[in-house]
Amino acid sequence: MAHGDTTGPFEKTPGWLDWYDGPSKPQFQLPAGAVDAHCHVFGPGAEFPYAPQRKYTPCDASAEQLFALRDHLGFERNVIVQATCHGADNSAMVDALRRSEGRARGVATVRADVTEDELNELHESGVRGVRFNFVKRLVDAVPTESLATIVEKIAPLGWHVVIYFEADDLPDLYEFFSSIPTDVVVDHMGRPDVTKSPDGPEFELFLRFMRENPNVWTKVTCPERLSVAGPRALDGEQHAYQDVVPFAKRVVEEFPDRVLWGTDWPHPNLKDHMPDDGLLVDFIPQIATTPELQEKLLVTNPGRLYWPEGA
Ligand SMILES: O=C(O)c1cc(C(=O)O)oc(=O)c1
């Protein structure tokens, strides 16, 4: 499973867990047209160098490897989200979009001084959103004035804003997030602490945020990241990550038209284990328990956001 200590000319962060080679075939049959709406490419570093300001150096994870996983799991399309190890240099992600033959859309990271021409070029390659990251271990903070400038620039293109933050930070960010006029997509359910109750004040604030802002969507992703009690999606486990289920299931059932699902391959910065992506797909029917909910989560909703013109 280890892919070596180096990644092109770069040395991986000590303790880095590589993505899982040889994932199983999911038992859960994905509906036709299913979209993996949250995944990344890393490098390869020799071709697309990692950013000087990065907080981690991953193993390589190329577009070809991502598309092989897509086909193996039974997805038809991907949404490739710019990974923080590439900073605001979107070239690896854009290269992957161009190779996908229309089967991938992208979410970019841009700076406030991005030009209209640069945005148009990103749009033409398949980018449909920008990502704002508030997770301190991943990025240095960007002032909200700069983020507001970016929103003004991307709104005319019909793009949305993806936000990644920790549950603890939602109270401070609530007002800014609620002021964003475009669609907003929350990464990984706002990272709830699943040792707390899904009925408690922390998760209730997140649910309130979604209720009060009908333009806010969320990815019900990353049980492998959020789980504390497991069991892990390894060795054929069909009931993995039980502690995450009540959180994700509640969101899917209350907001069936505003949820997305993705693998998060190649799973940056996991510390405990690397999941078998086939078993991760088998997690889906635990949180979207009917064919109708599964169709919305995997096909209709990502289609509306990323392929509104039709597949
Ligand atoms: O929790 C993380 O470490 C993480 C990192 C990144 C990234 O570096 O872009 O993206 C994610 O979706 C999750």
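Which residue in β10 is the bridge partner of K219? What we have here is a predicted model, where local features need pLDDT of at least 70, side-chain atom pairs count only at pLDDT 80 or more, and totals for chains, interfaces and linings use all residues. Numbering starts from 1 along each chain as its sequence is written.

So, the partner of K219 is L260. Strand β9, residues 216–219, pairs with β10 in the parallel sense over two bridges. For pairing, DSSP has to find at least two bridges between the strands. Strands are DSSP runs of E with at least two residues, helices are runs of H or I with at least four, and both are numbered from the N terminus.

Now the wider view. Eight strands form an open sheet with parallel pairing, in the order β3-β4-β5-β6-β7-β8-β9-β10. β3 (35–39) and β10 (259–260) are the edges: each has a single partner strand, so one side of each lacks a neighbour in the sheet.

Let's move to β4, residues 77–81. Five of its five residues are buried, so this strand is largely enclosed by the rest of the structure. Buried means 20 or more other C-beta atoms within 10 Å of the residue's own, with C-beta atoms placed from the backbone. In a regular strand, side chains alternate between the two faces of the sheet. Here R77, V79 and V81 cover one side, N78 and I80 the other.

And its neighbours? β3 runs parallel to β4, joined by three bridges, and V35 stands opposite R77. On β5 (residues 104–108), the parallel pairing with β4 has four bridges, and N78 stands opposite A104. Thanks, everyone!

Key
A residue is buried if 20 or more other C-beta atoms lie within 10 Å of its own, exposed if 12 or fewer, and partly exposed in between; C-beta atoms are placed from the backbone.
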